[in-house]
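Student: I would like to go through this model and test each label against its definition. Can we start with helix packing?

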Amino acid sequence: MAPGGLEQVVLFALLRLGGEAHSAAIILEIEERTGRKVSPGALYTVLERLADKGYVEGWIGDSTPERGGRRRKVYRLLTEGARELLEWYEGIQELASGTTDRLRALARQGG
Amino acid sequence: MWGVRLLRLLAWVMLPRRDREFVLGDLEELYVLRARHSGPWRAGLRTLRDLIGSSISGRAGFGHRALASELALAVRRFLHRPGRRLATALTLAIGIGATTAAFAAVDRVLLRDLPVDEQEELIVAWRASERTSIQLPFSGLAFDAVRRGAESLSGVAGYSAWGALPLLVETTDDAYPLNGVYVTGDFFGVIGARPSLGRLLERADDAPGAAPTAVLSHAAWRTRYGADPRIVGSTLVIDGQAFTVVGVAPQGFEYPIGTEIWYPMREAYADPPESGPAPELHLLGRMAPGVDPTTVVTDLTATLESDPRVRASIWEARNVVTGFEEKVVGPVRPVLRAAFIAALLLLLAAAANATLFLLAGGPSAAREIAVMRALGAEPRRVIGRHVADSAVVGALAGVGAVALAYLGVSTLVPLAPADLPRFDLVQLDARAVGVAIVLTVALTVATGVIAGLVLSRLNVLDALSSAGRTVGGGSAFRTAVTGLQVSLAVVSAVGAGLLLRTVAALDSLEPGFSVEDMTVVRLQTPYTWFDVPEDYLLALEQVVRDLEGRPGVIAARPSLGPPLQQRLEVTLRAEDQSDADMRTNPTVAVDAVLPGHFEALGIPLRSGRGLREMDNRADADPVVVVDEALARALWPGEDPIGERIVGYPGRSELVFTVVGVVAATRYRDFLEVHPRAYYPLRLLGNSPPSALLVRTSKEIPVRDLVTEAFAAADPRVRVMSVERMTDVLREPTSGRRFAASVLMSFALATLLVAALGVYSVFTVFVQERRREMGVRQALGAQRSSIVTLVLRRIANVAVVGATLGLVVALGASRAIASLLYGVAPTDPTTLTVVMLAVVFLALCAGLVPALRAAITDPMVSLRRE
């Protein structure tokens, strides 16, 4: 998986939102934390893929007035997903350990 | 807020139903939150981007391919193999483009109201007789009587019965002709037209002795005066008189056809004119409420018959009343109707082709779809894919169609003959483009759905189990469609064929006088001429002598009027005829000529002699030369030489002896031989010769020579225009020629489209039967028998299609009956030739796939199993 891939971003956002959220909340969370703009279409694709892999599960939730009374599809982070995310995150940390100073220096050169 | 509503609607359309609710909910929630931070506009834009972005990224909802991504795939398929789809787009573009252009013309010319008030109340009246094809005039006296007495009309105006005639406008450094019509003062008032500039003519302009005023047509104002608003209030010098231009008529109003300037007669209509020609008018009236044209006819007849003085002033004829709109656009209606039908035929054939092309991916497309189906794609998906394919093709077709329609309108409109009314209004406007868009969308969806339906009903197993042995999906359908195309081509070609024969018939008409080497010079003769006819006669004789002394001039002779426009029309009476007998005499176009007229014009003398010098002396015995048409009418089967006739206009006391008979000509009416009588010019009645016919042996500057000659002989006479005789004689047939060229191009396009259809259908046919043909060849079938097999099949389809087309054409050709000349709408030769030609063309189109099938090695065919 590519670093910073949307799947991991979505899983973390889900985690931050208490492990359970609908698409609009996830979009806003990602936007707020990373400044990254996610289109709903891309998010649906990712959520579907995560559901196929068994990392998350979705169900039809309740409706709220700000949605114009429409129901929402809510997703919950599953154990399998948490395990995968943790594994990936530890892998990345391991890989990145001791390189951050050089990485910053390199990144600054480019700028 | 409408923006939100629009977004909702857009999203609703773009999203698949199953997930619409959730996606819409998310979008709305995001929008509400963002609107709180950054305002409704930016939030709206962002949401729109989300919406579009989500479609393009491939998933509009949960697990559904978005329409946009289906489109993206279709674009990819298009770019991968553009050939077939490009051909489809092009055929559709031609069909839609032609229909759009035809619609633009029909809409602008026929469907839009004329720039007048309540056009259905307006009528036009003239007088008609079995004795002539000419629409005879009312007298000024009759006009006055109708204005006072006819209760069926709430308003009556008059205008020159002879239509727009050229007038010479002179400026200090230039002189040019404008087509002018004299009208009564309330002409525009009765019509209820509003000026596009200044004011129109009023009753006060028409009072005897009023200052001369005139109104310009919108087209003349634009083309001649560069749409300069300062034209209002300026003066135009016509025939030595200064006319003040008071205004410009509304755009698209040009009645009578070709009018560039209207001017009031300033006559007391009830009294005979003191000088100049008496008014000869057609009437324009507004019907009182609840009145129909039949009532008007009765009313006119009663009004005119009640006063013997009035009755004596008009022709022995009946009154004819027709709707104003019919009179204005009537002549163009059959042309436009035919063009529109031809365009629709082309459109149908093109749409059929689009369907065929979408179907004719051959076995490979069929297999691809079969795979889709086998993998569980619903028929809806198959249709969706085809709609997307057609949408790409349709987008191209739509753009192409508008471009082609624009091209067609901008090239064809200037080519349209000037006597087609309102054609200057034709343009590709928003309505026409709207029609193009609607047609494109409708056809795109329809062809896509049809092709998808046919293919989705394929037998999946059959398609997969072989390399195309029995992938006959839609084979019968395809054959039927191409048969239909052949029918359409036949109908279109019959129309074009009939018009081509019409043009050929017109071309074979003999004018009866020399044309190729002849130049027609229109003269502006001063009104003051009426006081001194002798002077004018001498001047003309001097001009003729002068011109004939110049190198390159074979002969020059005056005539009362240029060809086709002569207005001196009389009824003559053989001396021994009673007044009652006279009523069945045909009307005669009179000419007053100089000696040598017939030799100069190349009109053969049949018997007796032509007019001589001595006949032109003031004390000469009155003589006349008649043409064969008049001789036949007055003295059928007899020798007319020595017979005597009465009735020269203005000289009713004279009895003329017939001294010669000449061949009949089409000088007065090109489509119909009109009787003519030639009098010595010395007997000039009340109408001056207004044309000089010059026959030349080489290219010489006729205008300069004639201008010089008149400058020396009588400078009051001006040269108005100089035209070749061939061009003048082309005018009455130009509408039919135009219709023929339009129909011909549409028919050729339809034939081409049908040929493409046959080609593509039989290419697939051959591919589908590759195995069968391989087996046949392997078993010893000759190549020729393979070709015969395919061609026989094509012949069957083509003959059935052509026969069907022929049946339709038999009924449809009546629609163009009024355009035909010298050929019947059901002309068997045309029908037969067209049918054979179309079948032959279909066979040619199918020959390529047939030959390809024959030269394929049977082993190759069989190995593909």
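Student: At what angle do helix α11 and helix α16 of chain B pack, and how far apart are their axes?

Tutor: This is a predicted model, in which local features need pLDDT of at least 70, side-chain atom pairs count only at pLDDT 80 or more, and totals for chains, interfaces and linings use all residues. Residues are numbered from 1 along each chain as its sequence is written, chains are lettered from A and ligands numbered from 1 in the order in which they are written, and side-chain values use heavy atoms, with hydrogens and water left out. Helix α11 (residues 333-359) and helix α16 (residues 475-507) of chain B pack at about 160 degrees, with axes 9 Å apart. Axes are lines fitted to C-alpha atoms, for helices over the stretch in contact, and angles run from 0 to 180 degrees between N-to-C directions. Helices (H or I, at least four residues) and strands (E, at least two) are DSSP runs, numbered from the N terminus.

Student: Why is α11(B) called roughly antiparallel to α16(B)?

Tutor: Angles over 145 degrees count as roughly antiparallel, under 35 as roughly parallel, 65 to 115 as roughly perpendicular and the rest as oblique. The angle here is about 160 degrees, so α11(B) is roughly antiparallel to α16(B).

Student: Which residues of α11(B) and α16(B) meet?

Tutor: Contact means heavy atoms within 4.5 Å. Among those in α11(B) are B:L345, B:A349 and B:L356. On the α16(B) side they include B:F477, B:V481 and B:L488.

Student: What makes the four strands of chain B a sheet, and in which order do they stand?

Tutor: Two strands pair if DSSP finds at least two bridges between them. β14 (residues 518-524) and β24 (residues 691-696) of chain B pair over five bridges, in the antiparallel sense. B:V521 has B:L692 as its bridge partner in β24(B). The open sheet runs β15-β24-β14-β25 (chain B), with antiparallel pairing. β15 (553-559) and β25 (718-724) of chain B each have a single partner strand, so they stand at the edges.

Student: Which helix packs on that sheet, touching β14, β15, β24 and β25 of chain B?

Tutor: Helix α21 (residues 702-713) of chain B does, and its direction makes about 155 degrees with that of β25(B). Helix α22 (residues 725-768) of chain B lies across β14, β24 and β25 of chain B, at about 75 degrees to β25(B).

Student: Where is the kink in α25(B)?

Tutor: At B:L847, shortly before the proline B:P849. The bend is the angle between axes fitted to the seven residues ending at a residue and the seven starting there. Here the kink is about 35 degrees.
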